[in-house]
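Subject: The model, plus notes

Hi,

Here is the structure I promised to pass on.

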Amino acid sequence: MRNALPRSRDSTRGLVRAAKTTLGFQIVAICLSTVWSILLARGLGPGGRGSYAIVCVLASVATGLATCGFSSANVYFRARGSEPAELAGTSLAVAVSSSLIIAAALAVASRIGPVSEYLRKNQVSDGLLWLALLGVLGSVVYSLFNNILLGGHDIVGYNLPNVVYHSAFVVAVIVLVQVLKWGVYG
């Protein structure tokens with residue numbers, strides 16, 4: 001029976017340091033997401049929040065499908081020494097092609113009787129659906145590229161975009177939903 005590889009004190013310290021860093025970033029992100037969630041709920045009201053939730057779920061499912069498992073593969077291959085530029089090029093090709101396919105599939109599905117009726121009843125217009133689909137490409141690119149950083153053990157580089165995203169979302173909700181009153185489109 002083989003024994004587990006011995007852990008060095010430095011690798012254990014590195015793991016603890018990475019975990020502390022990630023936890024700190026996650027706490028900041030959770031605080032920011034709580035702020036924008038409250039602002040969004042107050043700015044959109046129950047109906048607008050429901051429409052927003054449906055659009056977010058559609059975008060989230062589409063993003064999950066469009067990454068095609070490449071996010072995890074990027075972590076693995078980068079950790080095994082693959083060049084970041086090579087992974088980035090492949091990731092960009094996957095992101096664009098899979099996002100276009102998923103967007104086309106959702107566009108077709110949104111025209112089918114029950115789906116179309118559901119979206120109409122929940123006030124999800126074609127414009128909102130297209131905004132969600134545009135967001136899918138950005139989310140896929142983010143996921144694929146961010147996991148290249150994780151595979152390269154860049155813990156701060158991996159976590160920082162999440163905090164920046166939540167900070168930008170707070171500002172966007174304040175400006176677009178609270179000040180300009182653009183509603184769900186904001």
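This is a predicted model: local features need pLDDT of at least 70, side-chain atom pairs count only at pLDDT 80 or more; totals for chains, interfaces and linings use all residues.

Below is what turned up, starting with the whole chain and then going region by region.

Residues are numbered from 1 along each chain as its sequence is written, and side-chain values use heavy atoms, with hydrogens and water left out.

**The whole chain**

The protein chain has six helices and zero strands, so its elements read α-α-α-α-α-α from the N terminus on, where helices (H or I, at least four residues) and strands (E, at least two) are DSSP runs numbered from the N terminus. Taken along the principal axes, the C-alpha atoms fill a box of roughly 60 × 35 × 35 Å. Of the 186 residues, 28% are buried; buried means under 20% relative accessible area, exposed means over 50%, and partly exposed is in between (1.4 Å probe, protein chains only).

The chain exposes about 11600 Å², and carbon and sulfur atoms supply 68% of that. Those areas come from the Shrake-Rupley method with a 1.4 Å probe, and for residues only the protein chains shown count as cover. Among contacts (heavy atoms within 4.5 Å) with a separation of 6 or more, 77% are between residues 24 or more positions apart.

**Charges and salt bridges**

There are 14 positive and 6 negative charges, and their mean positions are 12 Å apart. Lys and Arg count as positive and Asp and Glu as negative, with His and the chain ends not counted; each charge is placed at NZ of Lys, CZ of Arg, CG of Asp or CD of Glu.

Side chains of opposite charge can pair when their charged atoms come close. A salt bridge here is a side-chain nitrogen of Lys or Arg within 4 Å of a carboxyl oxygen of Asp or Glu, and the count comes to two.

One joins arginine 111 and aspartate 126, at 3.1 Å from N to O. Arginine 111 lies in the loop between α3 (84–109) and α4 (113–121) and aspartate 126 in helix α5 (residues 126–151), so the pair ties together parts that are 15 residues apart in sequence. Arginine 111 is exposed at 56% relative accessible area, and aspartate 126 is partly exposed at 38%.

The other links glutamate 117 and arginine 120, at 2.5 Å from N to O. Both lie in helix α4, three residues apart, which is about one turn of the helix. Glutamate 117 is partly exposed at 31% relative accessibility, whereas arginine 120 is exposed at 54%.

**Surface patches**

Patches are made of residues with over 30% relative accessible area and no salt bridge, joining like charges within 9 Å and nonpolar side chains (Val, Leu, Ile, Met, Phe, Trp, Tyr) within 5 Å. Arg9, Arg13, Arg17 and Lys20 form a positive one. Arginine 13 sits in helix α1 (residues 9–66) and is partly exposed, with a relative accessible area of 45%.

A nonpolar patch also shows up, with about 890 Å² of accessible area together; its members include Leu131, Leu134, Val171, Trp182 and Tyr185. The elements giving two or more residues to this patch are α5 and α6 (155–179), and α6 supplies the largest share, four residues. Valine 171 belongs to helix α6 and is exposed, at 51% relative accessible area.

Threonine 63, in helix α1, is buried, with a relative accessible area of 13%. Leaving aside neighbours within four places in sequence, threonine 63 is in contact with Val136, Ser139 and Val140. Threonine 63 and valine 141 are 78 residues apart in sequence but 9.5 Å apart in space, C-alpha to C-alpha.

Which backbone value is worth a look at cysteine 68? Phi there is near 55°, a positive value in a residue other than glycine. Cysteine 68 is in the loop between α1 and α2 (70–79) and is partly exposed at 47%. Glutamine 123 also has a positive phi, near 55°; that residue lies in the loop between α4 and α5 and is exposed at 57%.

Cheers
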